[in-house]
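Me: Please take a close look at one part of this model, the packing between its two long-range partners in sequence, and keep the account plain. Which contacts and ring pairs are found there?

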Amino acid sequence: MKLPDIYTDWKIVTGLALILLGAANWGVGLERTETYSRMIIARAQPATATDYRSFDELDEGAGGAAVLEPLTAEQRQASYATARMDFYHAAFLAGRAMVLLGLLVTLLGFISVIQQDSRRAFRRPEDDARLPRGLPGAPRAPQ
């Protein structure tokens with residue numbers, strides 16, 4: 001097996017690309033998930049009674065804005081951080097899956113290259129009959 005056999009096999013090249021891309025997703029996803037998780041924990045508020053107004057308490061001047069806007073600015077920031085954490089968690093999981101798939105495809109590529117190399121090394125005798133005869137140094141066929 002030679003180096004050109006390895007880098008010309010599409011399975012090995014695809015597998016290595018998947019491993020690299022998956023490792024990058026895995027690393028970025030893990031780092032950002034931890035970052036946003038810390039942000040959510042830092043902004044977590046104790047479970048107190050929530051502020052709410054019944055419909056009777058809303059004055060007509062408010063126009064229902066309090067009902068349509070239930071989140072405070074801090075709660076909205078925590079909600080955005082949760083959404084970002086979920087996105088990076090999905091990137092983290094996809095990265096792990098890509099690394100595993102890349103390892104599998106690379107393994108199958110190496111197995112196929114080794115099989116092709118062994119087929120070349122152990123040719124059948126009928127394959128030798130197709131070789132040109134009369135070359136200097138070539139073994140002679142029994143007659």
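Reply: T106 touches K11, I12, G15, L16 and I19, leaving aside residues up to four places away in sequence; a contact here means heavy atoms within 4.5 Å. T106 itself lies in helix 4, where helices are DSSP runs of H or I with at least four residues, strands are E runs of at least two, and both are numbered from the N terminus. T106 counts as buried because its relative accessibility is 8%; buried means under 20% relative accessible area, exposed over 50%, and partly exposed in between, with a 1.4 Å probe and protein chains only.

This is a predicted model, in which local features need pLDDT of at least 70 and side-chain atom pairs count only at pLDDT 80 or more, while totals for chains, interfaces and linings use all residues. Residues are numbered from 1 along each chain as its sequence is written, and side-chain values use heavy atoms, with hydrogens and water left out.

The buried residues of helix 2 are I12, G15, L18, I19, G22, G29, T33 and Y36. Those buried residues pack against helix 1 (residues 3-7) and helix 4. An α-helix has 3.6 residues a turn, so residues three or four places apart point the same way. Helix 2 has 34 residues, which at 1.5 Å a residue should span 50 Å, and its end C-alpha atoms agree with this because they are 49 Å apart; the expected span is 1.5 Å times one less than the number of residues.

A24 is found in helix 2, which covers residues 10-43. A24 is partly exposed, with a relative accessible area of 41%.

Next, the aromatic rings. A search of the whole structure finds 3 aromatic pairs; rings of Phe, Tyr and Trp (its six-membered ring) pair if their centres lie within 6.5 Å, and planes under 30 degrees apart count as stacked, over 60 as edge-to-face and the rest as tilted. W26 and F92 form an edge-to-face pair, because their ring centres are 6.3 Å apart and their planes stand at 70 degrees. This pair links distant parts of the chain, with W26 in helix 2 and F92 in helix 4, 66 residues apart. W26 is partly exposed at 34% relative accessible area, whereas F92 is buried at 12%.

The rings of Y36 and Y88 have centres 6.0 Å apart and planes at 5 degrees, so they are stacked. Y36 lies in helix 2 and Y88 in helix 4, so this pair ties together parts that are 52 residues apart in sequence. Both tyrosines, Y36 and Y88, are buried. Ring pairs also join Y36, F87 and Y88 into a cluster.

As for the rest of the chain, there are 5 helices and 0 strands. Of its 143 residues, 18% count as buried. Among contacts between residues at least 6 apart in sequence, 89% join residues at least 24 apart.
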